[in-house]
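Here are my notes on this model, in the order I'd walk through it on screen. Have the structure open while you read.

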Amino acid sequence: MAPKVLISDKLSPAAVQIFKDRGVDADFLPEVGKDKEKLLELIGQYDGLAIRSATKVTEKIIAAADRLKVIGRAGIGVDNVDIPKATARGIIVMNTPFGNAITTAEHAISMMMSVARQIPAADASTQAGKWEKSRFMGRELTGKTLGLIGCGNIGSIVADRAIGLKMRVIAYDPFLTPERALALGVEKVALDELLSRSDFITLHTPLTDKTRNVISADAIAKMKRGAFLINCARGGLADEAAVRVALDEGKLAGAAFDVFVEEPAKDNVLFGAPNFVSTPHLGASTSEAQENVALQVAEQMCDYLLDGAVRNALNMPSISAEEAPKLAPFVRLAEQLGSFAGQLTETGIEGIRLEYAGAIAEMNVQALTAAAITGLLTPLLQTVNMVSAPTLAKERGIRIEETRREKQGAYETYMRLTVITERQERSVAGTVFADGKPRIIQVKGINMEAELGPHMLYITNEDKPGFIGHLGMELGSSGVNIATFHLGRIAPGEDAICLVEVDGEVPDEVMARLRAVSHVKQVQALKF
Ligand SMILES: NC(=O)c1ccc[n+]([C@@H]2O[C@H](COP(=O)([O-])OP(=O)(O)OC[C@H]3O[C@@H](n4cnc5c(N)ncnc54)[C@H](O)[C@@H]3O)[C@@H](O)[C@H]2O)c1
Ligand SMILES: O=C(O)CC[C@@H](O)C(=O)O
């Protein structure tokens with residue numbers, strides 16, 4: 001029986017044709033994405049679901065999706081898909097990371113020009129017969145400083161176009177290496193410097209815990225009076241109420257938003273503010289981009305449904321069906337080592353060294369390296385997966401070194417990942433035990449043995465009597481339950497590391513109290 005795909009958003013008809021040509025039954029029902037009940041009723045009949053942003057693939061939808069094997073997002077952002085729930089049900093989530101990048105970058109440039117010259121207001125006034133020539137005084141772009149927050153696919157295209165407009169481009173992006181910045185012709189700066197120097201600021205990051213409200217009232221206070229703000233990335237990167245105040249007070253000369261905290265935006269606090277320009281999430285809406293992403297998603301979904309081949313999956317490594325079961329725990333180990341190091345890395349990564357010893361050295365090391373890079377980049381990049389991770393690392397000028405060795409020491413398999421940054425080298429090593437579960441066995445050369453849980457605390461401290469009791473008391477009195485506790489140290493009295501698994505997220509105020517515990521040097525929450 002041919003696989004069946006539901007297209008529940010407005011995808012280009014080109015996608016329907018691809019499915020048909022390749023022998024996949026496709027139902028094109030673009031209104032279903034907006035009708036939760038209808039989607040819930042229908043989803044159980046399909047092997048594939050092709051979407052844009054209107055369809056919300058929630059836990060409830062996934063629970064009802066008995067046959068679903070793949071969700072294909074024609075676009076970049078997958079905020080509308082519950083990926084952990086899809087993963088738990090073995091459903092692959094794939095996207096098309098590059099198909100609409102140029103179009104979205106062009107929209108950001110259009111919005112910048114539009115707000116700089118007050119085009120929408122001038123248009124409305126002119127068509128109302130007012131001819132208010134003296135009301136609309138614009139700002140020239142030439143020679144002005146454009147600050148990019150996020151310099152990935154879209155940010156770097158915006159940089160290229162802005163340089164063509166004779167702007168000076170500066171960028172804040174922790175993953176931008178100096179070499180990549182040089183190649184793009186942008187100056188890499190810290191966030192505060194970007195805020196204080198930019199005439200125009202455009203946002204190009206995913207929405208994560210670290211980027212939410214990156215433009216807050218405090219950030220706006222650091223900006224130049226009369227600066228402009230453009231957001232064509234994700235609602236929530238800017239605090240909308242703070243932007244409204246800044247527009248009303250004239251601190252910001254204008255703002256242009258394509259994306260909003262709540263979409264569809266019907267009654268937003270920014271509506272009606274002075275020199276505020278808006279579009280209804282049109283960043284990717286050109287016929288070219290929609291054709292690109294529709295064709296790509298249809299081809300990718302057919303490849304998977306018909307041949308089991310995986311491309312641009314966000315929750316599944318690209319490995320053949322035969323080797324998958326054997327490799328799976330080692331892929332998990334590689335991802336955990338990468339994620340561990342990535343969550344502890346604050347500055348630009350110059351290189352990664354991967355050492356494989358024992359039986360692991362004979363495996364599909366390329367897949368394991370890709371898994372390690374995926375884990376490393378995931379805290380900062382929205383769309384990284386095992387297929388794209390090596391390319392993304394290369395594009396960012398991150399050097400990858402791999403070495404394979406025979407078994408040494410006590411472990412049958414040993415994998416060590418070392419991250420080389422501008423400032424330091426940090427290594428973390430692990431193995432997979434006979435129970436198939438990955439373990440961390442070394443951090444910064446310090447031996448320990450820890451299984452990682454969903455919520456971990458990474459603590460570095462001086463090895464002094466009383467520290468463990470003090471830490472336990474602090475966590476206990478704050479109501480934080482300890483699941484597991486692992487210790488390691490260089491030598492008595494020297495640097496020590498403590499990995500604590502806790503049952504749930506640790507509130508900020510508790511983190512602050514832990515940092516104040518005597519002999520503690522660093523406390524960081526890690527999620528796996
Ligand atoms: N408006 C639209 O229709 C539309 C269309 C496509 C993409 N988007 C959105 O645009 C955004 C960028 O997409 P992309 O394809 O360029 O993604 P990308 O993953 O290629 O680039 C994101 C960049 O953000 C950087 N970054 C991550 N965390 C950061 C932080 N805390 N501070 C500064 N930089 C940080 C990363 O290092 C990376 O270089 C995403 O949010 C995406 O969903 C919107
Ligand atoms: O599908 C759209 O129109 C928006 C897509 C965009 O937000 C994306 O993340 O790719």
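1. Start with the overall layout. The protein chain splits into domain 1 (4–99 + 288–316), domain 2 (101–278), domain 3 (317–449) and domain 4 (453–528); these bounds come from an automatic or database domain assignment. Keep in mind that this is a predicted model, where local features need pLDDT of at least 70 and side-chain atom pairs count only at pLDDT 80 or more, while totals for chains, interfaces and linings use all residues. Residues are numbered from 1 along each chain as its sequence is written, and chains are lettered from A and ligands numbered from 1 in the order in which they are written.

2. Now look at how domain 1 meets domain 2. Their centres, taken over C-alpha atoms, are separated by 32 Å. Six residues of domain 1 are in contact with five residues of domain 2 (contact means C-beta atoms, placed from the backbone, within 7 Å). The domain 1 side of this meeting has three nonpolar, one polar and two charged residues. For these classes, Ala, Val, Leu, Ile, Met, Phe, Trp, Tyr, Cys and Pro count as nonpolar, Asp, Glu, Lys and Arg as charged, and the others, Gly among them, as polar.

3. Seven strands make it up, in the order 8-7-6-9-10-11-12, with parallel pairing. At the edges sit strand 8 (187–188) and strand 12 (276–278), each pairing on one side only. Helices (H or I, at least four residues) and strands (E, at least two) are DSSP runs numbered from the N terminus, and two strands pair if DSSP finds at least two bridges between them.

4. Zoom in on one pair in that sheet. Strand 6 (residues 145–149) runs parallel to strand 9 (residues 200–203), with four bridges. Gly147 has Ile201 of strand 9 as its bridge partner.

5. Which strands does helix 5 lie across? They are strand 9, strand 10 (227–231), strand 11 (252–257) and strand 12, and helix 5 runs at about 145° to strand 10. Helix 11 (residues 240–249) lies across strand 10, strand 11 and strand 12, at about 140° to strand 11. Axes here are lines fitted to C-alpha atoms, for helices over the stretch in contact, and angles run from 0 to 180 degrees between N-to-C directions.

6. Ligand 1 is surrounded by 33 residues, the closest being Gly77, Gly150, Gly152, Phe175 and Gly283 (a residue is near a molecule if its C-beta atom, placed from the backbone, lies within 6 Å of it). Helix 5 (101–116) and helix 7 (153–164) are the elements giving two or more residues to this shell, and helix 7 gives the most, with three. By class, the shell has 15 nonpolar, 14 polar and four charged residues. Why does ligand 1 lie between domain 2 and domain 3? Because both domains give residues to its shell.

7. Ligand 2 has a shell that includes Arg52, Ser53, Asn100 and His281. The classes around ligand 2 are two nonpolar, seven polar and one charged.

8. Finish with an antiparallel stretch. Strand 13 (residues 349–358) and strand 15 (residues 413–421) are joined by nine bridges, with Leu354 partnered by Leu417. Strand 15 also runs antiparallel to strand 16 (residues 425–432), over six bridges, and a hairpin of three residues joins strand 15 to strand 16.

Terms used:
Two residues are in contact if their C-beta atoms, placed from the backbone, lie within 7 Å.
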